[in-house]
Amino acid sequence: MTIKFHSVKPILDNNLKQVYIETYGCQMNVNDSEVVLSVLQPCGYSICDKIQDASLILVNTCSIRDNAEQKVWARIKQLGYLKRKKKGLKIGILGCMAERLKEKLLENGAVDIVAGPDSYRELPSLIEALSGGDKQINTMLSQEETYADISPVRMDKNGVSAYIAIMRGCNNFCSYCVVPYVRGRERSRNPQSIINEARELFENGYKEVTLLGQNVNSYLWEREVTFAKLLEMVAKISPQLRVRFSTSHPKDMDDSVLHTIAAFENICRHVHLPIQSGSNDVLKRMNRKYTREEYLAKVKKIKDIIPESTISTDMIAGFSGETEADHLETLSVMREVGYYTAFMFQYSERPDTKAAEMYPDDVPHEIKNRRLNEIIALQNELSHISNMQDMDKIVEVLVEGTSKRSTAELVGRTSQNKICVFPAGEHKVGDYVKVKVTSYTSATLKGILV
Ligand code: 5AD
Ligand code: SF4
């Protein structure tokens, strides 16, 4: 395959057709919205900041939990009102909900287009076909589509940090998860296109790339380029380019990746390693394919090979059949690992998943809620402890913006992915700054320039 690569910046031109893109859900969706804009710009579209100016509104959606979908349904209702006021306004639903619900979305009068995650190249023709008067839908999933040749239009404001999708889909079929059904089979993207994209970003002033995939550790290109190799190739672009990655599945996280991180200072010292539950019984029903002991052995490896690394996680409270003893095992594993932060959720049964078929959603809502609150309270404690350990340390912060509280302060992240606020001095967005940590909360480090 020859790879076309062109730098694409947002076009802001009032004379062109105006598209407004709203994104829900994960980092992959943020990146997909950038791909969508990249597909639309050559067809005469300009991105607009104000929804009232748009002739086309695209909503990139998430299906991971029921409340994510409910939010979008509420939004579709609001967009319906807007549509009645503005003649000619078209509305498209993209992403995971488009794939999951298909025609059901078209039954809503407000929606004109439904396009799944693998059909964004078709958007221009779907939009054009609307002139024939019929609503349009494309939810074909692909075994090959990686949008490798499409350079996403960067919609971020800071110009410092960008996402690069290195693979799509998921083959893991965790029993609770809808992702394999709505994003299809796992496929890796041509490494040369990834390197080109990262290099281009660096040449355009970006200082950090996050390599994205549902399970980056199983990245493999033509049986040769593993994730460790890819990480090394990206890290070698420049020591001034920070490299992050997300998400890792514990069963696929091998030592070679950890040694690669250790070997390159610009690969950030942070591993996001979702555990979901600390109980072996629950992990088995979740089809996670590792035990608590195996997970802890991976954590030990991380701590041995990259001692300065932080570890974060995802957790689900109240999965089918979860007992109080299972819940206590989740709390104890959290203490054992000492996560610096975590994404914590109540179990939400998703239609058509293995769990929906095989395991009843039998933990009452109040109990799920109480367990989640206990998990959150413990994580708060652990975040405090983790940040306390940074007191008086000198950390290197990549500046991402000015602090929300004061324009005299800047904010950025450390290699460990901790947010750090400090006096601006002469520094600006995109600089690497050495900061001495002088205070902290559970969410933020505060420091002074050194
Ligand atoms: N209910 C609750 N949380 C879920 N996640 C995935 N599916 C569900 C579900 N059905 C969480 C997992 C995953 C993260 C992206 O979302 O923790 O790692
Ligand atoms: Fe869902 Fe599991 Fe795949 Fe993550 S690894 S996207 S939780 S099926």
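This is a predicted model: local features need pLDDT of at least 70, side-chain atom pairs count only at pLDDT 80 or more; totals for chains, interfaces and linings use all residues.
1. On the side of helix 11 the contact involves Arg 292, Tyr 295, Leu 296, Val 299 and Lys 303, which meet Glu 329, Ser 332, Val 333, Glu 336 and Val 337 in helix 12. Sorted by class, this contact between helix 11 and helix 12 comprises five nonpolar, one polar and four charged residues.

2. Helix 12, running over residues 324-337, also packs with helix 14, here with an angle of about 15° and with axes 10 Å apart. Because angles under 35 degrees count as roughly parallel, helix 12 and helix 14 are described as roughly parallel to each other, and their crossing is right-handed. The residues of helix 12 that take part are Glu 324, His 327, Thr 330, Leu 331, Met 334 and Arg 335, while helix 14 contributes Arg 370, Arg 371, Glu 374, Ile 375, Leu 378, Gln 379, Glu 381 and Leu 382. The contact of helix 12 with helix 14 divides into five nonpolar, three polar and six charged residues.

3. Pro 191, Ile 194, Ile 195 and Ala 198 of helix 7 make the contact with Leu 230, Met 233 and Val 234 of helix 8. The composition of this contact between helix 7 and helix 8 is seven nonpolar residues, with no polar and no charged ones.

4. The second largest pocket deserves a separate entry. Its space amounts to about 840 Å³, and its lining consists of 32 residues, of which Arg 269, Glu 308, Ser 309, Ser 415 and Gln 416 lie nearest the centre. At least two lining residues are supplied by each of strand 15 (310-317), helix 14 (365-388), strand 17 (394-402) and strand 20 (432-440). By class, the lining of the second largest pocket has twelve nonpolar, ten polar and ten charged residues.

5. The largest cavity is lined by Asn 31, Val 35, Thr 146, Tyr 147, Ile 150, Pro 152, Ala 165, Arg 168 and Arg 189. Five of these lining residues are nonpolar, two are polar and two are charged.

6. Two backbone features may be inspected in the model. Ser 246 and Thr 247 are joined by a cis peptide bond, with omega about 5°; Thr 247 has its place in the loop between strand 13 (242-246) and helix 9 (255-263). Glu 222, although not a glycine, has a positive phi of about 45°, and Glu 222 is found in the loop that lies between strand 11 (220-221) and strand 12 (225-226).

Technical notes. Residues are numbered from 1 along each chain as its sequence is written. Chains are lettered from A and ligands numbered from 1 in the order in which they are written. Side-chain values use heavy atoms; hydrogens and water are left out. Contact means heavy atoms within 4.5 Å. Helices (H or I, at least four residues) and strands (E, at least two) are DSSP runs, numbered from the N terminus. Ala, Val, Leu, Ile, Met, Phe, Trp, Tyr, Cys and Pro count as nonpolar, Asp, Glu, Lys and Arg as charged, and the others, Gly among them, as polar. On a 1 Å grid over the protein atoms alone, a cavity is a set of points where a 1.4 Å probe fits but cannot get out, and a pocket is an open set with protein on both sides within 12 Å along at least five of seven lines; lining residues have an atom within 4 Å of a point. Grid points are joined across faces, edges and corners, and a volume is the space filled by probe spheres set on the points. Axes are lines fitted to C-alpha atoms, for helices over the stretch in contact, and angles run from 0 to 180 degrees between N-to-C directions. Angles under 35 degrees count as roughly parallel, over 145 as roughly antiparallel, 65 to 115 as roughly perpendicular and the rest as oblique. A crossing is left-handed if the near helix is turned anticlockwise from the far one by less than a right angle, and right-handed if clockwise.
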